[in-house]
Amino acid sequence: MARWLPSGPARRAALALLVAAIVTVPLVAQIVQEPVDYDAVYRIKEEGLQRSKAMELMSYATDVYGPRLTASPYRAAFTEWFKKTVGEWGLVNVRTEPIPFGRGWTNERFSAHVVSGQPYPLIGYPKAWTPGTEGPVRGEAVIAIIEDESGFAKFKGQLKGKFVLSMPAREFTTPFEPLARRHNAADLEALEQLGDGGQRRRPPMGDRAFRQKLMAFYLSEGVAAVLDSGRGETGTTMVGSGGSHDPKQPPAPCQVSLAGEHYNRIFRTLEKKVPVTIEMDVRNRFHEKAEAYNILAEIPGTDKADEVVLIGGHWDSWHAGTGAADNAAGFVPMMEAMRILKASGVTLRRTVRLALWDGEEQGLIGSREYVKKYLADRQTMQLEPGHSKLSAYFNIDNGTGAIRGVYLQGNEAVAPIFRAWMEPFRSLGMTTLSIRNTGGTDHLSFDAVGVPGFQFIQDPVQYGRTYHTNMDTYERIEASDLMRNSVIVAAFAYHAANREQLLPRKPLPKPAPAGQGRGMF
């Protein structure tokens, strides 16, 4: 072997280069040539695209068992269906784990009509964790926009028994752009550039303090209900919470979000000094002995069974729709991915665990509690044994849109690994890795304690128009997207479970001072 080498200094230089090559080339090759099991990918694709159960699962999760407002007692039926379904697939260790939450809430009846002049029905929905009207109530509508505490004196003694329009009429514009869209090449190229992320912003504490005072004022005045204009158009109405699930918090009055078009009609009529009388029947119920919980199931690994690959999404939803885009479109592909892994017969070295998080809509409660129990306390960064055993967490929570890539959350070391895993799905449009952080959902709980947590990049489709609204239903789901997303998740889980090492991590974060940990989420 050495006969071709020159002698003297040239020989020593050549030997040095040879040693350097022996040391460095395998390390580079290990990164660049991340193995991809194309046989397993073929089997996963065949099962997921030819024998998909995704839309059947979607219909059960939404039509039969939706909505799934956190701590609502109706969700017990969903839980039993889930346990039975995944048990039939062969998943094991199927369980629920309680999380701290508070009281539940359900709406049992809502009807609203303008009954003066020319009568007409109103599209609207009660806000969660607010009381009802205790039977049909009829009263005058009034405009009472209170922007600061000086408004209390202006309206004191004038609102008893009234339906209060609490905000200005909302301006509507004709939407000339498509109602739904896919990412184009320019969008994906922009996502590959470093941006400012998408962390969820929290309202200033002062705003929340004033709102509590405002709700207390409405209660003291004895209003029939507080009305606002729900975001959305053509009858689409965004509805959230108007009260608190914490029974220790101050009570709130009855609150209803009306379709913007109907709210505006009442507002304009009142501006013309024409009286408007509304009749409303709102029957809401609080459930003090409520339960909130995460739902878990897994496929055991083989020689690395004590290490875990975690996939999931939140299963709670708001109450006006059936929680399809937000977030059955996230947890159903995760369920289907588990079914595919079992049905395709692939072998998993690590345990693959499915997690359905509860209380995401109230602040990532379920995933944060899981992380604190099994991985690390964000405030102290005291690590639990599971921290070193979890390879990665993969999350979906951006609606029905097709997966186009992965947000890396600043973890550049995983880029070449994911690039290799994405190659079999280039024909499905999965081409993009974004170094950016993206916010607002459960992967942040893991990323905040130094565990690789990832949200997939998805086409927006019409997510912005549907989430948290009365139109968040089965009809908003694209079947082909759901099938493809399930296959991609199954393949990513497979490769993460079978690679020799855990996925690379960013440096461990420093402890978060008391009161600042929530800001990471």
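Modeller: Asn327 lies in helix H9, where a helix is a DSSP run of H or I, at least four residues, numbered from the N terminus. This is a predicted model, in which local features need pLDDT of at least 70, side-chain atom pairs count only at pLDDT 80 or more, and totals for chains, interfaces and linings use all residues. Residues are numbered from 1 along each chain as its sequence is written, and side-chain values use heavy atoms, without hydrogens and water.

Biologist: What is the omega of the peptide bond from Asp326 to Asn327?

Modeller: Omega is near 10° there, and the bond is cis. Another cis peptide bond joins Gly66 and Pro67, with omega about -5°. Pro67 is in the loop between helix H3 (54–64) and helix H4 (75–89).

Biologist: Why is H2 called oblique to H9?

Modeller: Helix H2 (residues 38–50) and helix H9 (residues 324–344) pack at an angle of about 120°, with axes 9 Å apart. That angle makes H2 oblique to H9, because under 35 degrees is roughly parallel, over 145 roughly antiparallel, 65 to 115 roughly perpendicular and the rest oblique.

Biologist: Which residues make the contact of H2 with H9?

Modeller: Contact means heavy atoms within 4.5 Å. H2 gives Arg43, Ile44, Glu47 and Gly48, while H9 gives Glu336, Arg339, Ile340, Leu341, Ala343 and Ser344.

Methods:
Axes fitted to C-alpha atoms, helices over the stretch in contact; angles between N-to-C directions. Helix = DSSP H or I, 4+ residues; strand = E, 2+ residues; numbered from the N terminus.
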